Amino acid sequence: MHSSLPAATGEPSAMKIATFNVNNINLLAWLREAAPDVVCLQELKAAQRDFPNDEIARTGYASAWVGQKTWNGVAILARGTEPVVTRTALPGDPADTQSRYIEAAINGVLIASLYAPNGNPQPGPKFAYKLAWLARLARHAKSLQKSGAPVVLAGDYNVVPTPFDIYPTRSWDKDALVQPESRAAFAKIVKQGWTDAIRELHPDAPMYTFWHYMRNRWSRDAGLRLDHLLLSEAAANRLKRAGVDRAVRGLPNASDHAPAWIELGSARRSRSARRA
């Protein structure tokens, strides 16, 4: 479904928004414990009909999702209210059938859950698709930024923005996640005026969100920061807190990602005040 950008009304005093590449759809225990107001999910690995909507509804969340068997699939959950879906695909390529983007208005904030392509192996067609997809995201993000509405672009970007966002290593040097072209594509979006919320409030900590299953990378804290929440200027002015629920990664049968989250409030604060 596609529609024009809704008016921002009814700002809550606080809204906790989380993004989580679940690597499956088993997330009910985390939902009950963390209790975010909005959840952006990626890599559902479930066809449209197989999304556990009834089970999630019993935890108090309404869902909007675009499923896809095997690897993709994105969803937005809202606690106590229905997401008003505005898009179920990233614009710019009608031939793209991969389920990687959904967008909805929730309590006056426009929120997108996105799952950018991995891009491996590179170079090659998968890397070209990744860069083309990020270019489409940049074009759409620019229009959202210009709207003046509070917007949150949350998800697994499959980009390590800088060397600070990955543990000291050379083992990833040929990976699509760290290539200069990938980093430049992410930086192009941020330069439109978006705030990287996690880095904004944690400038001196790595804040990893992903630890590969192989080579004991979790136990060694050999992590990468792949999951980001980018805030439009109107949303960034309401940023109060941000973090990563690292402990979720260490649970049995865990995803290789940990949830990242922000809290928005109604108070308007300057960037320097937010960092204080």
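Glycine 108 sits in the loop that links strand E6 (101–106) and strand E7 (109–115); strands (E, at least two residues) and helices (H or I, at least four) are DSSP runs, numbered from the N terminus. At 14% relative accessibility, glycine 108 counts as buried, a word used for under 20% relative accessible area, with exposed over 50% and partly exposed in between (1.4 Å probe, protein chains only). This is a predicted model, where local features need pLDDT of at least 70, side-chain atom pairs count only at pLDDT 80 or more, and totals for chains, interfaces and linings use all residues. Residues are numbered from 1 along each chain as its sequence is written, and side-chain values use heavy atoms, leaving out hydrogens and water.

**Around E6 and E7**
- Valine 151 is 43 residues from glycine 108 in sequence, with 9.2 Å between their C-alpha atoms.
- An open sheet of six strands runs E5-E6-E7-E8-E10-E9 with mixed pairing; strands pair if DSSP finds at least two bridges between them.
- Strand E5 (84–87) and strand E9 (195–196) stand at its edges with a single partner strand each, so one side of each lacks a neighbour in the sheet.
- Strand E8 (residues 151–156) and strand E10 (residues 227–231) run antiparallel, joined by five bridges, and glycine 155 has histidine 228 in E10 as its bridge partner.

**The E3 to E11 sheet**
- Another open sheet of six strands, also with mixed pairing, has the order E3-E4-E2-E1-E12-E11.
- Strand E3 (61–66) and strand E11 (239–244) are at the edges, each with a single partner strand, so one side of each has no neighbour in the sheet.
- Six bridges pair E3 with strand E4 (residues 74–79) in the antiparallel sense, and leucine 77 in E4 is the bridge partner of serine 63.
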